[in-house]
Amino acid sequence: MIVRGHETLLVQGITGRQGSFWTERMQAYGTKVVGGVNPKKAGIEHCGLPVYGSAVEAAQAGRIDASVLFIPPPGVKGAALDAIEAGIKKLVILTEHVPVQDVMFLLAAATEAGARVLGPNTAGAVTPGECFVGFMPAFNARIFRPGRVGVVSRSGSLGTLVCLDVVRAGYGVSAFVGIGGDPILGTTTLEALRELDADPNTDAVVIVGEIGGAMEEAAADYAKDMDKPIVAFIAGAAAPPGKRMGHAGAIVLGDKGTFAAKRDALEAAGATVVATPTEIAPALKAKMG
Amino acid sequence: MNFEEHAAKPLLAAAGIATPPGEVAANVQEAEAIAGRIGACVVKAQVPSGKRGKAGGIKLAGTSAEAGVAAAEILAMEIGGHKVTRVLVEAQVPIAAEYYAAVLNDPETKGPLILFSAAGGMEIEELAATRPETLLRLPVDIRHGPAREEIERRLAGLGLATEQVPAVAEVLVKLYAAYREHDAELLEINPLVLTGDGRLVALDCKFTLDDSAVPRRAELAERGTPEALTGLEAEGRALGLRYIELDGSVGVLANGAGLTMTTIDAVRHYGGEPANFLEIGGNAYVKATPALKLVLSNPKVKSLLVNFCGAVARTEVMTEGVLEAWDQLKPDLPVFFSIHGTGEKEAIAMLRARLGLEPFEFMDDAVKAAVEAAR
């Protein structure tokens, strides 16, 4: 899910420590934040913005294109359903440890309403020079210089490093899409790849994957027919099987979700799969000239 | 979180799905006593691992004495790395047919998936590969639950005897209800058997509780199998840190799951062996001091690699924590840093001022130096 500078953003959970800290940074970067939600503090002003009792109430005050949730796990389902009911079509869910059945519930509601979800357990999305949503160091120009390489990543920290590598190599980033580290996600690698493929500002794509699940394999199936060059890095080659490597979705179970399966699928689709993030830049150069 | 069979089956029974009468025994005497009460029985190893049958961990016993012999053999086994400490002694069930039934979280449809096959007893992967025509895959809208009529209609095309369809549908509806009630990631019956007298009975059950749902299923989670942890891993868990002990000599501290995995991969790529996985990303970024102490308490560590790329995790806060631990422990170890992202300027200034060290601009160079120093 690529975020755009013209989109208006609501911050659910704006008054919390993280919500406040990152709202200020998003505002400073140029994201059009139009309000916040806290059911217990409706009517106050925070970060210079009106705070509403619900997303539905906020939407009555003006058009809202997207909402970002700084909400603890037990409240995520309710907050997301509120945003969906408010007619908001893009939801970014940063929260980690949301019960998976809650995630599936809100995703079903979102799909029916024609709303899209990024996350849960994502650091968000950045469109350099336009806006960012979530907690990404978008304002660091060494890392997020505008350009024409799209990045889709399951991890925020690693995705940030990859953007730095892309920029250090003399390229820039058209859009960073952090899809999240959970096993069930609103936006999969495949869905993000499709959007970057269709994006006129993107000339090449870097896929930052991880062991676990089959999202990279599904993306590889689509990548076969893509014209834009793809470079991929898959984290977890050295991970012991059966261990959850920090992300709920990053686990090799039996012969499922292995590094080798993902690498092989992506290479068969014509992508260059590199051994460390530092090799992404030379691989891009080889593909893009 | 995984549950052993004896802890999973009561969830089925509570949902109205029949299971054989049985009890858990921790020694031969208990096994004999249970068999004495229930007659011809099956003695089954209780370990959180599949392939118990192939490993010899499931034995039939006709009498109490035979049950004792079987229990003695099984209790001496180690299956899939787990020492067997308990057996389930269950009544034998006359089998007319074996089925497979499960409900699980499906990343592809992003919702619950009901699976059923009239060819049970095999692993589901094997079934899907060899006999896909016998497999029912029914995605469910979690907001409404499955419709019994649809299940019955789909079952009718699977080669199941017509008179079995309503009873199997009933079991699947109950299985789904249990899956929802207990926040299952997976709830599986394999095999679900049709008995000689026409009843459906769950002979085995696998239940995995969604780890993210543990806080709201705390009582249930007490009956799950705790993850096998080393001493250091348990210490990490107590501190709220994700620490995994590995065999190598390069201590690793990084932020975020993806970056930490990548750091370990890079250590291996450049010919070294990582000593641990430890990430302090997300909300744990303020715990750098206890995290570093944990890494350094592993005596195998010969060099330390600190790799930060801050998004939500502020590198100046993490670096401050590392320097704090360094001051306290004064370890005699070479240490190599790479620091980028949120707060990098302050973090790097701090590193220069307090340790007189310069971070590596490229992560790979820090990794190579740490690998070299650990040799």
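1. Buried area here is the accessible area (1.4 Å probe) that two parts lose on being put together, summed over both. By that count, chain B and chain A bury about 4500 Å² between them, with 57% of it on carbon and sulfur atoms. On the chain B side, B:Lys110, B:Arg143 and B:Met261 lose the most area to chain A, together 16% of what that side buries.

2. A word on ground rules: this is a predicted model, where local features need pLDDT of at least 70 and side-chain atom pairs count only at pLDDT 80 or more, while totals for chains, interfaces and linings use all residues. Side-chain values use heavy atoms, without hydrogens and water.

3. Counting contact as heavy atoms within 4.5 Å, chain B puts in 55 residues and chain A 60 residues.

4. Charge turns up too: the interface has 10 salt bridges (a side-chain nitrogen of Lys or Arg within 4 Å of a carboxyl oxygen of Asp or Glu). Have a look at A:Glu112 and B:Arg143, whose side chains pair up at 3.1 Å, N to O. Helix H9 (residues 257–269) of chain B gives the largest share of the side of chain B that touches chain A, 9 residues. Helices are DSSP runs (H or I, at least four residues), numbered from the N terminus.

5. Just after H6(B), B:Asp183 has a positive phi of about 50 degrees.

Note on methods
Residues numbered from 1 in each chain as written. Chains lettered and ligands numbered in written order. Helix = DSSP H or I, 4+ residues; strand = E, 2+ residues; numbered from the N terminus.
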